[in-house]
Structure formats: structure tokens, C-alpha cells
Amino acid sequence: MKIFAKASALFLAATLALTACGSANEKKESTNDNAQKILSESFEDYEKNSEGTTVTIYGWGGSDLTNNWIDHYLADKVKKEYNITLKRVGMDIDEILNNLQNSVQAKEEKGNIDIIWLNGENFYTAMNNNLLFGPFTEKLPNLEKYVDINSDDVKYDFGHETKGYEAPFGKAQLVMIYNSDKVKPIRNCDELLAAAKANPGKFTYPALPDFTGSAFVRNIIYEKVGYDKIKDIDPKDEEAVRKAIQPAMDYLKELKPYLWKEGKTYPTDSTQLDNMFADGTVYFDVSYNPNFASTMIEKGTFPKSTKTCVFDKGTIGNTHFLAIAKNAPNKEGAMVVINEIEGFNSQLEKYKPEVWGDLPVIDNSKLSEKEKEEIDSVKLGSATLDQSELLEKRKPELPAAFVPVIEKIWTEEIPGK
């Protein structure tokens with residue numbers, strides 16, 4: 001009896017497993033069929049089917065300017081024009097992707113995330129884990145109308161092809177922020193070291209893996225080693241990467257004793273460093289937004305003597321993107337909202353320093369004369385560099401797989417030594 005019972009139990013377990021497997025496969029096929037159906041529809045269908053619905057947008061919520069643009073300008077616009085309610089959820093990208101991965105692995109046909117603000121290694125992770133819906137960008141009329149879809153800034157994200165799974169949101173470029181009453185413009189590593197030595201404790205940068213701090217360290221690598229000498233190394237070969245970037249690590253070790261708290265600790269993120277610059281604790285800051293310093297001056301947060309500069313050899317620039325979750329409950333509404341973001345008026349509004357200061361992704365050659373005049377009329381502020389200088393000094397990002405390796409090496413080499 002025991003053997004029969006055990007055999008029966010095994011048979012039942014196997015049957016349930018096969019049934020569950022069949023259900024999972026049917027659900028997967030159903031999900032894929034639904035995605036293909038949506039991608040076969042017209043944009044007019046998206047507008048019609050998403051009327052009266054809610055779209056969620058998940059992403060970093062650490063900037064009041066960014067949050068206000070999404071919560072008010074964008075939300076009001078899509079409500080008025082499409083009767084879509086936009087709900088912003090501020091959350092760390094790692095948490096977003098963890099939640100999405102759990103939802104996808106649980107075979108949930110409808111999760112709770114529609115649009116995701118991401119780029120770089122996070123896009124790389126999401127694609128590798130099959131977490132995104134697409135390719136969808138060819139369905140967006142405004143992308144074709146206003147964006148150069150063949151530019152490297154749109155086709156690639158940290159060295160990886162976007163393949164239509166991301167739509168460009170805005171552009172960023174690393175700038176150095178300094179108090180011109182205290183220090184001179186910093187054009188290279190030597191000048192940075194000299195300024196730190198002359199003003200001990202008044203310089204620092206965010207601890208990695210903070211996004212801006214990580215970019216700053218990669219920029220030091222570009223300065224001391226060169227982008228071309230790094231980009232073709234296999235990022236999986238940690239020792240090869242370590243050997244290649246050692247001159248940059250040696251420089252950061254030399255810089256360390258002259259930093260805030262002698263480099264024994266670092267600001268936890270860029271927001272903390274911004275606050276330290278604002279209250280005069282340090283004379284140096286770093287931002288991925290070339291308009292950020294001007295915006296902070298206008299708000300009365302940064303001193304009027306604040307200026308920005310870039311290294312003579314250039315600084316890292318990239319594009320931040322919007323993607324749609326694989327099991328987004330409202331894919332059609334998500335595409336309507338993203339299309340609105342790609343439009344001229346939305347890109348113009350967020351370009352204004354008092355609004356956000358985010359660099360637009362639109363291609364000037366596609367604009368009418370009136371639109372060009374509107375873009376040119378935006379007052380950039382006293383601390384913002386001309387677009388011509390930024391573009392001339394713009395450097396590409398390393399492939400995303402390098403980022404965690406460099407962050408690991410920095411963590412081992414710099415803070416604890």
C-alpha cells in the first residue's frame with residue numbers, strides 16, 4: 001500500500017507539474033500574442049483604447065524639478081489631450097527592476113508598472129532578463145517627426161543597441177560645478193589635484209555606485225587612460241580592466257588625502273554633495289545636467305558665483321530613455337504618453353532651466369524656423385555652457401558591462417585604503 005501510495009503521489013506530482021508547465025506555456029503564448037496584437041495596431045487605436053485609463057511611470061524621484069514636470073506639466077497635458085491619468089512612482093531603479101523581475105517570473109500577465117525611466121547598465125540588465133516590451137518605438141509618430149533615430153545617441157545605450165525597446169527621454173552630459181569666488185575653472189586632472197591641494201577638505205565626489213559619482217570616476221579614467229584604450233577590453237576580464245584603469249586609481253589615491261574628511265568617507269549620493277556645495281562645505285560639485293547649476297542659482301540655493309566647466313579632453317554624455325514593462329497593464333496608454341514626451345512642446349518645456357533644464361533629444365534639422373527660434377530663445381542661465389562647447393567635448397559612454405566592474409574596483413581600491 002505504501003509503495004502504491006508513493007507511486008500515486010509521484011504520478012500526481014508529475015501530472016500537476018506537467019499541467020502547471022502547460023499553463024505557464026499557454027500563459028506565455030497568450031502574453032506574446034497580446035503583445036503582437038498591440039504592436040499591430042495603429043497609433044490612433046492606442047489613443048482610442050487608452051482614453052480614460054491610468055498610466056504609471058516609475059523612476060528616480062530625487063529631483064523636485066523633474067517630479068514637478070511629470071506631475072504637473074506632463075500629467076496635465078495627457079489628461080487634457082487624451083483623458084489619461086498619469087501616476088508617477090518615485091523609486092530606485094534597482095528596486096523597480098527587482099519588482100518587475102519578480103512579477104515577470106511569477107507569470108503575471110498584468111503587473112503594476114507601465115513606463116520605466118532607465119538607461120545604461122539598467123537597460124542592459126532588463127534586456128538580458130527579458131523584462132521589456134517591444135520593439136515599440138517605430139509606432140511613435142513624434143519620434144519619427146522630431147528625433148534623429150539613426151544617431152548613435154538613440155541607437156545605443158552605454159554601447160548596447162536599443163533595438164526599439166527604449167525611446168529617448170533627454171540628454172545628459174557631465175559638468176564640473178565650482179564656486180568661482182574660491183577656485184578657478186578646472187580643465188583637467190592636474191588642475192583638479194592642484195585645486196584640492198590648495199583647498200584641503202573642500203573637494204569630493206559621490207561614493208560609487210551613485211550614478212553621478214560613477215560617471216565622474218569613469219571620466220577620470222578617460223583622462224588618465226583614454227576611452228579608446230578601455231572600450232575594446234572584455235569587461236568580464238576583471239584583471240584586464242583593473243590593469244588598464246590602474247593609472248586612474250593611482251590618481252584617485254593621490255587626490256584622496258586632500259578631499260573632504262581626507263577621503264575617508266564620501267557623500268552617499270549626488271544630492272548630499274549638492275547640499276554640501278550649497279552650504280559652502282565644499283567648493284566643488286558634479287552634475288549630469290549642464291543646466292543644473294543655473295537652476296540652483298535661480299532658486300537661490302547655489303551662490304551666484306557658481307560656474308560650470310568641462311575637461312579639455314571632454315566629458316561623458318549619454319541619453320536617458322523610457323521603456324515599457326514586459327507585462328505593463330496599459331501598453332497602449334504608455335505609448336501615447338511616451339509619444340507626447342517626444343513632442344516638441346514637451347521637450348521644449350523640460351529644457352527650460354527653471355522647469356528642469358533637461359537637454360532635449362529633438363533634432364534641430366527637423367524643426368520649423370518657428371520651432372528653432374523657440375529653442376534658441378530659452379534663457380540658459382549664468383552657469384550654463386554653450387551647446388557648441390558641450391557637443392564639441394561630448395564623449396561616449398563605455399559599454400554597460402564595464403560599470404559594475406569599475407565600481408567594484410573603486411570600492412576595493414579607494415575608500416578602504
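I am working from a predicted model, in which local features need pLDDT of at least 70, side-chain atom pairs count only at pLDDT 80 or more, and totals for chains, interfaces and linings use all residues. Residues are numbered from 1 along each chain as its sequence is written, and side-chain values use heavy atoms, with hydrogens and water left out.

Next I followed Asp153 to Arg394, with which it forms a salt bridge whose closest N and O atoms are 3.6 Å apart; the term stands for a side-chain nitrogen of Lys or Arg within 4 Å of a carboxyl oxygen of Asp or Glu. Arg394 lies in strand E11 (residues 394-395) and Asp153 in helix H7 (residues 152-155), so the pair ties together parts that are 241 residues apart in sequence; helices (H or I, at least four residues) and strands (E, at least two) are DSSP runs, numbered from the N terminus. Arg394 counts as buried, at 16% relative accessibility.

I then checked Lys264 and Glu262, whose side chains meet in a salt bridge (3.3 Å, N to O); Lys264 is exposed at 63%, whereas Glu262 is partly exposed at 46%.

Finally I turned to helix H17 (residues 402-413), which has 12 residues and whose buried residues include Phe402, Trp410 and Glu413. I also noted that Glu413 belongs to a network of salt bridges that links Glu238, Glu239, Arg242, Lys253, Lys408, Glu412 and Glu413.

Conventions
The expected span of a helix is 1.5 Å times one less than its number of residues. Buried means under 20% relative accessible area, exposed over 50%, partly exposed in between (1.4 Å probe, protein chains only).
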